[in-house]
Amino acid sequence: MTKVKSEAATGRRIPDYSDPSYWRGTIKMSLSKFFVLSVLHRKPMHGYEVVQAVEKSTNGCCSPSEGTVYPVLNEFEAGGYLASTNEVVQGRSRKVYALTEKGRDAFQVAVDAWLEATDCIVESRRMAAGAVKREEREG
C-alpha cells in the first residue's frame, strides 16, 4: 500500500530498486559518455564504429544505440571535446570524430572520477560484508 501512496504523491512510477536490471540500466546510461570518450581516446572513429567499439570494449556491458551515441557525439563536439572531419569511404561520406586536447583532458578527469566512485563502491561492499559477519557472530 505504501508503494501506491508514493506513486500517487510523486505522480510517477517508483522503480524496483531491488531489481538488478534497474541498476544495470542506470550504470549503462551513466557510463555511455565515459566509454564514448574512452574509445575515441584510442583513435578517431565514425559514429557507428563508436557504437561497435563501446560494445566490444565493455563485453556488451555498455551497448549504446546509435540513437544514444550521436547526440553524445554532437554534444561533445559542440563543447569542443571532439573535432570532426568528413571522409569518403566506399563512396559514402562519413563524419569521423577525434578527441581534441580538451577531450583528452575530460577523459582523464572522467577516469579519475569513476575510479574514485569505484573505490567507494568496493569499500561499501567490504563494510557491508563485515556487518554481515558481525551479525552472524553475534546472532
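Which side chain meets that of Glu49 in a salt bridge? The partner is Lys43, at 3.2 Å from N to O, a salt bridge being a side-chain nitrogen of Lys or Arg within 4 Å of a carboxyl oxygen of Asp or Glu.

## Basis of the model

This is a predicted model, in which local features need pLDDT of at least 70 and side-chain atom pairs count only at pLDDT 80 or more, while totals for chains, interfaces and linings use all residues. Residues are numbered from 1 along each chain as its sequence is written, and side-chain values use heavy atoms, with hydrogens and water left out.

## Packing of H2 and H4

Helix H2 (residues 20-42) packs against helix H4 (residues 66-78) at an angle of about 70 degrees, their axes lying 10 Å apart, which makes the two roughly perpendicular (65 to 115 degrees). Helices here are DSSP runs of H or I with at least four residues, and strands are E runs of at least two. Lys33, Val36, Leu37 and Leu40 of H2 meet Val72, Leu73, Glu75 and Phe76 of H4, where contact means heavy atoms within 4.5 Å.

## Salt bridges between elements

Within this contact, the side chains of Lys33 and Glu75 form a salt bridge (3.0 Å, N to O), although the residues stand 42 apart in the chain. Lys33 is partly exposed at 35% relative accessibility, as is Glu75 at 44%; the class lies between buried, under 20% relative accessible area, and exposed, over 50% (1.4 Å probe, protein chains only).

How values were computed
Axes fitted to C-alpha atoms, helices over the stretch in contact; angles between N-to-C directions. Parallel < 35°, antiparallel > 145°, perpendicular 65-115°, else oblique.
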